Amino acid sequence: MSKLRILVPIKRVIDYATKPHVNRTQTAVMTANVKHSMNPFDELSIEEAVRLRERNTTPVEEIVAFSAGPPKAQDILRTAMAIGADRSIHVVVEEKDALEPLGVAKLLQKVVDEQKSNLVILGKQSIDDDAGQTGQMLAGLLNWAQATQASKVSIEGESVTVTREVDGGVETLKTKLPMVITTDLRLNEPRYASLPNIMKAKKKKLEKKTLADYGLAENLKLKTIKVTEPPTRKGGVKVEDVDGMISKLKELGAL
Amino acid sequence: MFSVARQSVLRRARTQLRSAQPTTLPQYSALARLLSTLAVLEQREGKLNVSSLAAITAGTKLGGSITAFVAGSGAKAVADEAAKVKGVDKIIYVENGAYDKGLPENFAPLLVENIKKGGFTHVFAGHSAFGKNIMPRVAALLDSQQISDITEIESEDTFVRPIYAGNAILTVQSSDSIKVITVRGTAFPSPETDGGSAALEEGVDPKVESPTEWVSEDLAKSDRPDLGSADKVVSGGRGLKSKEEFDRLMPPLADALGAAIGASRAAVDSGFADNSLQVGQTGKNVAPQLYLCAGISGAIQHLAGMKDSKVIAAINKDPDAPIFQVADVGLVGDLFDKVPELTEKLKAQ
């Protein structure tokens, strides 16, 4: 019986609690001097990988965290290792050269091959670009099974059962390794890294690579024309009581 | 029908004539291919999923020919139904039970075959659970960088979509020859479902085996309007304190208004409401005539899913809750008093 070799791709994004602002030239969202953290869905991915090891229904040989991002992305890789990843790979890509989901998927395809991974767990979307594509693209390129928006994962031997969140409820799928899973919010509750584990993570291996190491170059297919602030809603009114609310809603034509 | 692509195509054609240069063949074929959309429709147990018709609306906004696609057992019947939808020229259907559950492992290669055969330049699908699951896989197989959840079409290669939970609006231009796009349903209202007369055609079926097997589903049953397309939505948050209170207060209010019920992430995480009711960045996007919420503070992730509502009304006991910055009508008060009172007064009308 084969063991799980899990690859967990993670992304450094603007912290979810921070309100993003568009720069003056309308070319991007301002990221300098803004708090960054691990994409929330990626925390769930790491946590799930660690739980798979703890459950041990199929032995986990290795959990490798991966990020393609600016030099600072190594901070989130350290966090991932403090939560329980064994080692990590960092493909250094400057922020201005950020990859598109298809580029990331092509890079991951090479990494999967190199690391001989048989399970890739990704977040269902990154909260900056909100594209929600990378996992599905990777599964397509690898011609592997995929289960997106997973809220429950169980692995017995090579057999995988995943419950997915779909419109209107949940559905359950059964498939076989190797596969790609993307995580939804309800999958688990990520743990906090303890101080001893944070210290230990500093000693874990973090390998630095470049796109060229994987024989890839950036090849952006989408060009940003502009980034703008969304239209702001006009400040509304506060009413005194329920009657006031009903009459105001009627006035606005909502009732 | 307003058609951006047609305008720009004309413009391009005119420029070519004016330039009096010998026009080369590739340019002509590029023009001929320019306006060919495939709209991927969803079906469920032989019934057309009406919300997936947003893909057709996107096609009509772009201009040019629109072919719709449907697969599954009973696809022919669904195609007959979809043939009446206004704006569709042709429907490709593939009758095969293997496609009933929309498994991406076989559905994606099926789409790729039909896209290649039809020579489409644009492939639209709704940004639903189905579209989100399948389309990126299709895009990767076509070596195309998908554009997700668009809200506007500026021209045949330029599209508008929200990023950062709707806190920024991105306009992007695609250089892909086949543009794979998912559309936000609330931004592309369904077309008229009669008056059309599309031709039916059987599609190619590569019959790829799926390694994944569909086991079961558990869908929340409700007689209420569908959350994604309802005219009115009432939504509850953490302030409701428990599932019992949520169930006691929200359904009667929804009934009084004929509204769908939604919830904030906090309410879903605390088990007050089903996951499928979550409104926000990672849940459903809604844009009803009226969004009435109680006990929701208004975190940016929640606002992402509802701030395009026509009228927003909020009941919250915290006068400084961020929800009041977007609400057209705000009532500061205890929802345990105000919601039942509102329900009674609405019923009495």
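**Entry 1**

I looked up Asp129(A) and found it partly exposed at 24% relative accessibility; buried means under 20% relative accessible area, exposed over 50%, and partly exposed in between (1.4 Å probe, protein chains only). The model is predicted, with local features requiring pLDDT of at least 70 and side-chain atom pairs pLDDT 80 or more, while totals for chains, interfaces and linings use all residues. Residues are numbered from 1 along each chain as its sequence is written, chains are lettered from A and ligands numbered from 1 in the order in which they are written, and side-chain values use heavy atoms, without hydrogens and water.

I noted that Asp129(A) forms a salt bridge with Arg161(B) at 3.1 Å, N to O; the term denotes a side-chain nitrogen of Lys or Arg within 4 Å of a carboxyl oxygen of Asp or Glu. Arg161(B) is buried, at 4% relative accessibility.

**Entry 2. Asp143(B) and its partners**

I then examined Asp143(B), which is partly exposed with a relative accessible area of 35%. Its side chain meets that of Lys106(A) in a salt bridge of 2.7 Å, N to O. Lys106(A) is partly exposed at 25% relative accessibility.

I also recorded a salt bridge between Asp143(B) and Lys221(A), at 3.8 Å, N to O. Lys221(A) is buried, with a relative accessible area of 11%.

**Entry 3. Salt bridges overall**

I counted 35 salt bridges over all chains.
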